Amino acid sequence: MSEVLVLVDHVGGTVQKSTFELLTAAAQLGEPVAVFVGSDADAQTAAADLGKYGAAKVLVASDASLTEYLIAPQGELVASLVESRQPAAVLASASTDNTEVLARSAAKTGSGVMAYASDLDGEGQATQSVFAGAYTVKSKVIKGVPHILLKPNSVEAVEAAGAGAVEAVDFAASDAAKTAKITAVEEKAASGRPSLTEAAAVVSGGRGTGGDFGPVEQFADAIGAAVGASRAAVDAGWYPHSSQVGQTGKVVSPQLYVAAGISGAIQHRAGMQTSKNIVAINKDDEAPIFELSDYGVVGDLFTVLPQATEAVNARK
């Protein structure tokens, strides 16, 4: 059975949920093999969890250049593994960094890339939204080793016993890859909420909030959701850019997406339309967001959200 390489997203050895989803998806295509960038100690911490979700091996790359420099060394690492191991595919969670890593590897190995897929079958065929979400297509790489970026929450992670055998990778980045050095890292303040891209539920606010995200945050906290924002809200300085959902922000695909005070411009729809259930709250009954939503509430979010928060809390 051919190997399927899975890039591991982790924080200090704590593996992110999206990686377990990738291992489950990889099992459809071949034997899941995790690629871990980090220290040997962190790899040992992660190996047990990776094995629990089907990783037969955990390839550990601990060369300092992989964490001291931006992206390029990781692209070379993946390319070297593709050339030496000839896997059936390479999978990574869809994120800005991983998109560049796989793009660099694909360019070096003459392979095709499928980005931001929302589904993947056992034949390597992916479902994608393209042209700002205007079309949904089925795609398949026909040249080289498929490099596939899968949106978090696209696949349900299923435990499947794997050996999780740790194997060191001999790798040294080229001088050409070591041109942008990381000089400082500032830890993001913890919000207590789940990661926007990995959350099972997301509550987003837009222009209709008028800059007051209080009701949005309170409802999100009541249901254990992440908080997002439209580009209009971010551009107005009402919410951090890191929380923007849309074509030029984060692309999310949660089980539940609540759009409060968001009109539903194509730029925003491109970032959330593959969500499993979409609820729209807007005073304008002709807002485009209602065309996309599974459930719609015509009303003022400052009335609707507090009532919904109160009802949720009453049931706890």
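In the predicted model, N153 is located in the loop that connects strand 10 (147-150) with strand 11. The phi angle of N153 is near 75 degrees, a positive value in a residue other than glycine. N153 counts as buried, because its relative accessibility is 8% and the limit for a buried residue is under 20%. A positive phi is also found at Q86, where the angle is about 45 degrees although the residue is not a glycine. Q86 belongs to the loop between helix 4 (72-85) and strand 6 (89-93). With a relative accessible area of 53%, Q86 is exposed.

In general, strands of a sheet pair through backbone hydrogen bonds, in either a parallel or an antiparallel manner. Between strand 12 and strand 13, the parallel pairing extends over four bridges. Within this region, G205 stands opposite A229 of strand 13.

Two strand residues were considered individually. V33 is placed in strand 4 (residues 31-37). The relative accessible area of V33 is 0%, and the residue is therefore buried. Leaving aside residues up to four places away in sequence, V33 touches E3, V4, L5, V6, K57 and L59. Between V33 and G296, the separation is 263 residues in sequence and 43 Å in space, C-alpha to C-alpha. T127 lies in strand 8 (residues 126-130). This residue is likewise buried, with a relative accessible area of 10%. The contacts of T127, not counting residues up to four places away in sequence, are A117, S118, D119, T136, V137 and K138.

A search of the whole structure finds ten salt bridges. One of them joins the side chains of K57 and E3, with an N to O distance of 3.3 Å. This pair links distant parts of the chain, as K57 belongs to strand 5 (residues 57-61) and E3 to strand 1 (residues 3-7), 54 residues apart. K57 counts as partly exposed at 27% relative accessibility, whereas E3 counts as buried at 12%. Both K57 and E3 are among the residues that V33 touches.

E3 also meets R85 in a salt bridge between side chains, at 2.9 Å from N to O. Here too, distant parts of the chain are linked: E3 is in strand 1 and R85 is in helix 4, 82 residues apart. R85 is partly exposed, with a relative accessible area of 24%. A further salt bridge is formed by the side chains of R193 and D221, at 2.7 Å from N to O. R193 is in the loop between strand 11 and strand 12, while D221 is in helix 6, and the pair is 28 residues apart. Both partners are partly exposed: the relative accessible area is 23% for R193 and 43% for D221. Through shared partners, salt bridges join E3, K57, R85 and E167 into one network.

At the surface, L70, I182 and V185 form a nonpolar patch, and their accessible area together is about 290 Å². Of these residues, I182 lies in the loop between strand 11 (165-168) and strand 12 (201-205). I182 is partly exposed, with a relative accessible area of 32%; this value meets the requirement for a patch residue, because such residues have over 30% relative accessible area.

Terms used
Residues are numbered from 1 along each chain as its sequence is written. This is a predicted model: local features need pLDDT of at least 70, side-chain atom pairs count only at pLDDT 80 or more; totals for chains, interfaces and linings use all residues. Side-chain values use heavy atoms; hydrogens and water are left out. Patches are made of residues with over 30% relative accessible area and no salt bridge: like charges are joined within 9 Å, nonpolar side chains (Val, Leu, Ile, Met, Phe, Trp, Tyr) within 5 Å. Accessible areas come from the Shrake-Rupley method with a 1.4 Å probe; for residues, only the protein chains shown count as cover. A salt bridge is a side-chain nitrogen of Lys or Arg within 4 Å of a carboxyl oxygen of Asp or Glu. Buried means under 20% relative accessible area, exposed over 50%, partly exposed in between (1.4 Å probe, protein chains only). Two strands pair if DSSP finds at least two bridges between them. Contact means heavy atoms within 4.5 Å.
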